[in-house]
Amino acid sequence: MNSSHAFRWSLVVVLLASILWKIAVSSDHADSPKDNLVDFFKRNHFEVSAIDQTVYDLPVLRAKTASCTLQIVRLAPNGSNRDLFSHLAVGTDRAFVVFRGKVYKQQPIWRTVLDDIWYRHLRELGLSNRVTTVIAITANSSCEAERLPWDELSEAS
């Protein structure tokens with residue numbers, strides 16, 4: 001066997017291994033970020049529903065308790081829909097962003113972009129199924145939503 005044949009066979013083996021790896025680690029089993037959000041709010045005694053309102057074609061969730069009403073929408077990790085946050089906050093008492101279990105007044109765009117790029121590459125390699133989740137929250141004045149255990153949401157995503 002000369003080196004040309006050995007090289008061709010090694011390319012075939014690498015190509016087959018690559019294809020099999022991608023099939024074996026497909027991320028179809030990952031929960032959707034919306035399901036994680038709904039489960040999080042239900043665990044914290046909120047009634048969750050999707051409302052008819054969409055903001056920039058994104059669905060808005062509403063989570064309610066007796067004294068607290070929240071509106072929740074996912075933001076793009078790259079900040080492309082950051083105007084959505086200000087639009088959603090109009091007429092509300094409190095507005096904040098949650099990313100990786102921490103509360104921010106505004107979206108930390110550099111952090112969310114870097115996180116999204118990093119985990120996208122890890123998903124493509126089959127090493128992670130984590131999706132970067134950035135959510136905007138609005139709350140009424142009687143609600144202390146910033147004190148919710150947001151770190152639980154970070155662990156679920």
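This is a predicted model: local features need pLDDT of at least 70, side-chain atom pairs count only at pLDDT 80 or more; totals for chains, interfaces and linings use all residues.
I shall begin with helix α4, residues 109-125.

Which residues of α4 are buried? They are T112, D115, D116, Y119 and L122. These residues cover an arc of only 135° around the axis, so they sit on the same side of α4. The cover over the buried residues of α4 includes β4, residues 94-99, and β6, residues 134-139. On the other side of α4, W110, L114 and W118 are exposed. Just after the helix, G126 takes a positive phi of about 80°.

That brings me to backbone angles. Most residues other than glycine have a negative phi. H45, which is not a glycine, has a positive phi near 65°. H45 lies in the loop between α2, residues 33-43, and β1, residues 47-55. Its relative accessibility is 68%, and because exposed means over 50%, H45 counts as exposed.

R100 is not a glycine either, yet its phi is positive, at about 50°. R100 belongs to the loop between β4 and β5, the latter being residues 102-104. With 42% relative accessibility, R100 counts as partly exposed.

Finally, the surface. W9, V12 and L16 make a nonpolar patch of about 310 Å². Of these, L16 is placed in helix α1, residues 3-24, and at 49% relative accessibility L16 counts as partly exposed.

Definitions and conventions:
Residues are numbered from 1 along each chain as its sequence is written. Side-chain values use heavy atoms; hydrogens and water are left out. Patches are made of residues with over 30% relative accessible area and no salt bridge: like charges are joined within 9 Å, nonpolar side chains (Val, Leu, Ile, Met, Phe, Trp, Tyr) within 5 Å. Accessible areas come from the Shrake-Rupley method with a 1.4 Å probe; for residues, only the protein chains shown count as cover. A salt bridge is a side-chain nitrogen of Lys or Arg within 4 Å of a carboxyl oxygen of Asp or Glu. Helices (H or I, at least four residues) and strands (E, at least two) are DSSP runs, numbered from the N terminus. Buried means under 20% relative accessible area, exposed over 50%, partly exposed in between (1.4 Å probe, protein chains only). The arc is that of the directions from the helix axis to the C-beta atoms. Contact means heavy atoms within 4.5 Å.
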